[in-house]
Amino acid sequence: MDTKHLYYAVQVAEYRSISKAADALYLSQPTLSGHINKLESQLGCKLFDRNTIPLKLTYEGECFMEYALQMLELEKNLIHKMQSSKNAASGRITIGIPPCYSATLLPQVLPAFKAQYPQIELQLVEESSTTIETLLEKEIIDLGILNLPVHNHQLLYETLLIDHVILAIPNAFLSPKLITSYPLISSHLLESVDLKNFKDFPFLLLKPGHRVEFISRKILETENITPNIYIQSSSIDTLCEFCLLGHGITFVPRHIAYKKFNAPNIPVSLFDLQGHHTDYSMVALYNKKFPLTLAMKSFIHTIRTCQQYAYST
């Protein structure tokens, strides 16, 4: 008996619907129905009463669930014990990450990690922060990359970096005299600019649900600015591209800005936002029932190393 089928049956019982369970498992409804039918055929009994909405367990189904849950728990404990006890040279990690970071963080991190650990298989799930927390709680993924705060008390985290939001303004919105009048804080970053001077310019903003969007919105509210929104997107990478083309001002995490706007003669200036709370923490999140494996710790170490290098260049 395939334990995968046991897990599928447990999910159907939890959602009391094959279609809802299929969505949660990223399967088509016919595929999941086929797995359940095969399991019932092997057992020689029906697990679900399909004549009711929502689905109900039969008597045999209730008995089955008691043992299926025990078997799945034993399997998880066994796998985790084996992966924790061996070295980090092999294994598999399923990683949840919001789309706004997959395009900016992973292209640098994944090649570095695969070069050092070629036998470790990485599986990516791109979802919102809320969904990633749910997938971790349900033990569908191993690791989540997202920003604090974390709302689920079943989850623990390791801090990857503490960053802050800065302002990217196309040089076309600035006079050359204005640009040269601001002292450099670092090789990339100019001293804080008065945001009120740009209240009538177009803004490029993230859609709600992102930590960076929350910080940006609070800054605009503090400055009493109702932004003229040129575009909203779920992707920071997209907003940076529009900024490069001179379409608007955007708020961007420093570690991303230093990568996107680092080439010579880039027509964008980066400004600090002194006087505003712009700090946030990016973390690697995991289920506290299963401590980090050596493979997961190695992946976290690679992210930290890549980000330290990015800030030093």
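Modeller: Let us begin with a rule: two strands count as paired if DSSP finds at least two bridges between them. Please keep in mind that this is a predicted model, in which the protein averages a pLDDT of 85 and 90% of the residues score at least 70.

Colleague: What makes β5 and β12 a pair?

Modeller: Four bridges join β5 to strand β12 (residues 279-287), and at least two are needed, so the two strands pair. They run antiparallel, with isoleucine 145 standing opposite alanine 284 in β12.

Colleague: Why is β5 called mostly covered?

Modeller: Buried means under 20% relative accessible area, and five of the five residues of β5 (residues 143-147) are buried, so the strand is described as mostly covered. Leu143, Ile145 and Asn147 point one way, while Gly144 and Leu146 point the other way, and all are buried.

Colleague: What lines the second largest pocket?

Modeller: Its lining consists of 22 residues, among which Ser129, Thr130, Gly209, His210 and Arg211 lie nearest the centre. Among the elements that give two or more residues to this lining are β5 and α7 (129-137). By class, the lining of the second largest pocket has 12 nonpolar, eight polar and two charged residues, and the space in this pocket is about 420 Å³.

Methods. Residues numbered from 1 in each chain as written. Predicted model: local features only at pLDDT ≥ 70, side-chain atom pairs only at ≥ 80, totals over all residues. Heavy atoms only, no water. pLDDT = per-residue confidence, 0-100. Buried < 20%, exposed > 50% of the residue type's maximum accessible area, 1.4 Å probe, protein only. 1 Å grid on protein atoms, 1.4 Å probe; cavity = no way out; pocket = protein on both sides within 12 Å on 5 of 7 lines; lining within 4 Å. Points joined across faces, edges and corners; volume = space filled by probe spheres on them. Nonpolar A, V, L, I, M, F, W, Y, C, P; charged D, E, K, R; others polar.
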